[in-house]
Amino acid sequence: MNVEGVWSPKWQPVVDAFATNFAQGEQGAGVALYHAGELVVNIWAGERSNRLASVANQPWDEHTIVNIFSTGKGLVALCVLQLVAQGRLELDAPIARYWPEFAQGDKAAITVRDVLSHRSGLSAFHQHITDDQIFNWDAMTAAAASETPWWEPRSGQGYSPFMYGWILGELVRRVSGYASFNDYFQAQVAAPLGVVCHFGVPDSALSAIADTGPLKRTMTVTESNGADSVALGKLMKADPRGVTNRAFCNPISLMTATNTQAWRQAQIPAANAHANAQAIAAIYGALANGEMLPPDVLALCSQEQTFSQDQVLGLPLRFSHGFMLSQANRPDCRYGRGERAFGHPGAGGCVGFADPDYQLGFGYVTSRMGQNILIDERAVRLIDAAYAVLGE
């Protein structure tokens, strides 16, 4: 496998680990690392296809972008925390203060912090959502405003795969004054860092997208206490009208439409950011280096808000304000080695994290989706190689 890109010689172990992934089933991917503000690794390899652009088995290159799924949730949280830092949002203020319609359905007391930390009870839609509705911002935010919690807010933890993004994205839009969530993100995050990452891909970038699909070779699931797609599927089948099933399959287009143009050009902030590895690493690298947020707000990224058995994913998870935190005994949920590390995985493999203790920003993207629902062994291998260089 020919690995392209740039890297500092001392980081060769990361390049070697990346090549090993291709020997074990990877098809097209990229990984990037920033250390102490310097881009030390930015590599890619393999091939990509984009059936909408009539591209098949073309080389992956530095301009290739891919759907990073829930890895984008951390970027949504960053936008919210920027507004907190500016005093325009208060974490313990009811969302209805900024979005009056949100008070419907017993939600008047739900706070910004509740949604960020997945303790709002708003993990899925009770109401029927049509397949095409997810591509209509106004329709989805209106649906979120009219929803009711699945349980008493703050009484339990439940991961919100999709609603999270529409709620917080609309909050950012209303408070910031930008026309859309993506407009805010481009102006306040992407442009200052000079990175390519879109929540709603413009026409000019559609041809650069790599289609996503299943990993051709089944890779060994890491020690994950059942944190894989098979276990999740069993949870969904056990209660077809329950919160887990509704969270992922209401509507089914949330699972089936991800390679369509409608998905790529909509704004579904919790799940449809499209980026390359360098963009993710640059954002997390800036955070790890003390940029993008003032120290008191940056500390919120690492501050545990909840750690319990998740009522949607059925496994123990730790969350801060919008980020997943490490669990020392779980390779599939370990975002760096420093005590303050924080990040977020995406379905099938993509992941980004910041480790302020090591001044490390990490980004990994792939078009081949593995079975793990947190961090699969491809990313674990890369993370372990990076910390071997740094010296654990």
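1. Strand S3 (38-50) and helix H12 (277-288) each contribute at least two residues to the lining of the second largest pocket. S3 gives the largest share of that lining, 3 residues. Helices here are DSSP runs of H or I with at least four residues, strands are runs of E with at least two, and both are numbered from the N terminus.

2. The model is predicted: local features need pLDDT of at least 70, side-chain atom pairs count only at pLDDT 80 or more, and totals for chains, interfaces and linings use all residues. Numbering starts from 1 along each chain as its sequence is written, and side-chain values use heavy atoms, with hydrogens and water left out.

3. The second largest pocket holds about 190 Å³ of space. Its lining has 17 residues, of which Glu 62, His 63, Thr 64, Asn 276 and Gln 278 are the closest to the centre. By type, the lining splits into 8 nonpolar, 7 polar and 2 charged residues. (Nonpolar covers Ala, Val, Leu, Ile, Met, Phe, Trp, Tyr, Cys and Pro; charged covers Asp, Glu, Lys and Arg; the others, Gly among them, are polar.) A pocket is an open set of points on a 1 Å grid over the protein atoms alone, where a 1.4 Å probe fits and protein lies on both sides within 12 Å along at least five of seven lines; lining residues have an atom within 4 Å of a point. Grid points are joined across faces, edges and corners, and the volume is the space filled by probe spheres set on the points.

4. An open sheet of 4 strands has the order S6-S9-S5-S7, with mixed pairing. Strand S6 (197-199) and strand S7 (209-210) are the edge strands, each pairing on one side only. S6 and strand S9 (residues 273-275) run antiparallel and are joined by 3 bridges; pairing requires at least two bridges found by DSSP. In this pair, Phe 199 stands opposite Ala 273 of S9.

5. Asp 114 belongs to helix H4 (residues 112-116). Asp 114 counts as buried because its relative accessible area is 5%; buried means under 20%, exposed over 50% and partly exposed in between, with a 1.4 Å probe and protein chains only. A polar atom of the Asp 114 side chain lies 2.9 Å from the backbone nitrogen of Thr 111. Beyond neighbours within four places in sequence, Asp 114 is in contact (heavy atoms within 4.5 Å) with Ala 109, Arg 119, Ser 120 and Arg 154.

6. Two residues other than glycine have positive phi and deserve a look. His 118, with phi near 60°, sits in the loop between H4 and helix H5 (137-146). His 118 is buried, since its relative accessibility is 2%. Arg 154, with phi near 75°, sits in the loop between H5 and helix H6 (163-176). Arg 154 is partly exposed at 42% relative accessible area.

7. Asn 136 caps the N-terminal end of H5, with a side-chain oxygen 3.1 Å from the backbone nitrogen of Asp 138. Trp 137, Met 140, Thr 141, Ala 143, Ala 144 and Ala 145 are the buried residues of H5. Their cover includes H6 and helix H7 (181-193).

8. The peptide bond from Asn 250 to Pro 251 is cis, with omega near 5°. Pro 251 is in the loop between helix H9 (243-249) and helix H10 (253-256).

Definitions and conventions. A polar contact is a pair of N or O atoms within 3.5 Å; within protein, one must be able to donate a hydrogen and the other to accept it, and residues adjacent in sequence count only if both atoms are side-chain atoms.
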